[in-house]
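Hello,

Here is the structure we talked about. My notes follow below it.

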Amino acid sequence: MPRVLLVAATTGYQTRMFADAARRAGFDCTLATDRCHVLEDPWGDHAIAVRFEDPYGSRDTLAAAGPFNGIVAVADRPTYLAALTAEVLGIPHHPPAAVAACRDKYLARQRFQSAGLPVPEFFRISIDSAPSEGAARAPFPCVLKPLGLSGSRGVMRANDAGEFLAAFARLRALLGSRDVAALREAQNRYIQVESFIEGREFALEGVVTRGELRVLAIFDKPDPLDGPFFEETIYVTPSRESETTQRTMMEATSRAVHALGLTQGPIHAEVRANPDGVWVLEVAARPIGGLCARTLRFDHDMPLEELILRHAVGEDISGVRLRDGASGVMMIPIPKAGIYRGVEGSEKASQVRDVEEIAITAKEGQKILPLPEGASYLGFIFARADSPERVEQALREAHACLRFEIATALPVAGR
Ligand code: ADP
């Protein structure tokens, strides 16, 4: 029985999907997480406690629990520890240096630039530096972003020096907040400034095998992402772009994978296309996040998680194909800050033709925060149909049925 190690930063849905997929595939699954204090041993397993801020110590703990046939990281933060552990155990996996470059937007841009990939103008400044210096250097319009966060958190567009200063102050406050400081990541002391790349945006899901990228799916993002914040909403696959544009996107992503040094395992990339070409915004050394993987179903209804696990233990997955038809997801944005009270219209939304599921993940009483400070969604809408147009329409129709009740949160005294 192949043994897989799942290194996870959450004990939520995605981790459970991986564990379930491992069981179904007949693999023995060991979980490592930094959430042991909140874990009620959900699968009757004993999770191994790790600390992502101590990657070498945690690597040794995990290596001692080996041998494993494969290692998979769930979400962004565990990717480095997973890579370090795979390295000492001699398991084919993305190398730690490549994964570190994926997790640092400055390092990634440098790698792309050295490899001759098109990059926006970019520079990095400390959050302790004078914002006016950054504003004086910035190419407008520009984007300010934290180096080490994900999911568009903290990413803001500025069209002029005034907007730059406002965005800088907001980002400094976010990076100084308790939950970001608790991550203790050095790159969270920095802000990256990049010239704004106009264009339409896409996401590519893929697996790298011995350095070669295979793209599993290209997602169109039909809602414009022009700022000032960059909220993901709809993802639809297959792409409606021309064969040529799709090929160019795959080639650009493949070059980015090589530039970063990624060699073995899943990747998720974000790219922009405009008349100047295709620009790789970033490549993450992990699969698509959260519940969104549900949009991808392969032969025999195999979920993405199982495909990744099989790949991780060295199985040949080159013959596995994505199911026919179109599918998509809407990540339901948080319209305003407050306390989530509930939703009306779910029943009606789930009856919209081609809608597969409405998954509301916000919990009643939960404090919610929109972008750029927030890091979550209210939930997800899934649709599957014959055409991408139909999928997009179904997602929009279903979203229009939902009415969210969000109460105003009272400020807590003394904070
Ligand atoms: P994250 O890892 O938080 O997702 P990204 O660097 O991918 O950070 O940025 C998030 C989003 O912000 C992108 O998907 C894109 O919509 C937008 N964005 C980031 N950088 C740029 C840029 N230079 N030009 C235009 N849009 C950008």
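**Ligand site**

An oxygen atom of the ligand sits 2.7 Å from a polar backbone atom of Ser152. For Gly151, a polar backbone atom is 3.3 Å from a ligand oxygen. Glu201 uses its side chain: an N or O atom there is 2.5 Å from an oxygen atom of the ligand. Taken alone, the ligand exposes 540 Å², and the protein buries 98% of that (accessible areas by the Shrake-Rupley method with a 1.4 Å probe; for residues, only the protein chains shown count as cover). There are 19 residues around the ligand; Lys105, Lys145, Ser152, Ile197 and Glu201 come nearest (near is a heavy atom within 4 Å).

**How to read the model**

This is a predicted model: local features need pLDDT of at least 70, side-chain atom pairs count only at pLDDT 80 or more, and totals for chains, interfaces and linings use all residues. Residues are numbered from 1 along each chain as its sequence is written, and side-chain values use heavy atoms, with hydrogens and water left out.

**Domains**

The domain assignment, automatic or from a database, gives domain 1 (3–101), domain 2 (121–195) and domain 3 (325–415). The C-alpha centres of domain 2 and domain 3 lie 28 Å apart. Their contact (heavy atoms within 4.5 Å) takes nine residues from domain 2 and six from domain 3.

One salt bridge is counted between domain 2 and domain 3 (a side-chain nitrogen of Lys or Arg within 4 Å of a carboxyl oxygen of Asp or Glu). Arg170 forms a salt bridge with Glu373, with the closest N and O atoms 2.7 Å apart.

Best wishes

Conventions:
A polar contact is a pair of N or O atoms within 3.5 Å; within protein, one must be able to donate a hydrogen and the other to accept it, and residues adjacent in sequence count only if both atoms are side-chain atoms.
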